[in-house]
Amino acid sequence: MATTRDQRQIVETPTEARQGEPGPSVAALLAVSLGLAILILAVVWFVFFRG
């Protein structure tokens, strides 16, 4: 658990300092980027390989 030393410095273990809480914004970012990648690949396929 994080402790306070001298009322100025918060001391945490390395594991505590690395921990984060990925919320719904991370999942939304991954979903949007995956959708864009699929869309771009589909456009490239239709333009160059269909014909």
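What does the secondary structure of the protein chain come to? I looked this up and found two helices and two strands, where helices (H or I, at least four residues) and strands (E, at least two) are DSSP runs numbered from the N terminus. Read along the sequence, the pattern is β-β-α-α.

Before going further I noted that this is a predicted model, in which local features need pLDDT of at least 70 and side-chain atom pairs count only at pLDDT 80 or more, while totals for chains, interfaces and linings use all residues. Residues are numbered from 1 along each chain as its sequence is written, and side-chain values use heavy atoms, with hydrogens and water left out.

I then checked confidence, since pLDDT is the predictor's confidence in each residue, from 0 to 100. The chain averages 84, and 82% of the residues score at least 70. Among the elements, strand β1 (residues 3-5) has the lowest mean pLDDT, 66, whereas α2 has the highest, 94.

Of the 51 residues, 0% are buried (buried means under 20% relative accessible area, exposed over 50%, partly exposed in between, with a 1.4 Å probe and protein chains only).

I followed this to helix α2 (residues 24-48), where phenylalanine 48 has its place. Phenylalanine 48 counts as exposed because its relative accessible area is 63%.

I also searched for aromatic pairs, meaning rings of Phe, Tyr and Trp (its six-membered ring) with centres within 6.5 Å, counted as stacked with planes under 30 degrees apart, edge-to-face over 60 and tilted for the rest. The structure holds one such pair. Tryptophan 45 and phenylalanine 46 form it edge-to-face, at 5.0 Å centre to centre and with 75 degrees between the planes. Tryptophan 45 is partly exposed at 42% relative accessible area, and phenylalanine 46 is partly exposed at 47%.

Last, I turned to helix α1 (residues 14-18), which holds glutamate 16. Glutamate 16 has 22% relative accessibility and so counts as partly exposed. A polar atom of its side chain lies 3.1 Å from the backbone nitrogen of threonine 13.

Technical notes
A polar contact is a pair of N or O atoms within 3.5 Å; within protein, one must be able to donate a hydrogen and the other to accept it, and residues adjacent in sequence count only if both atoms are side-chain atoms.
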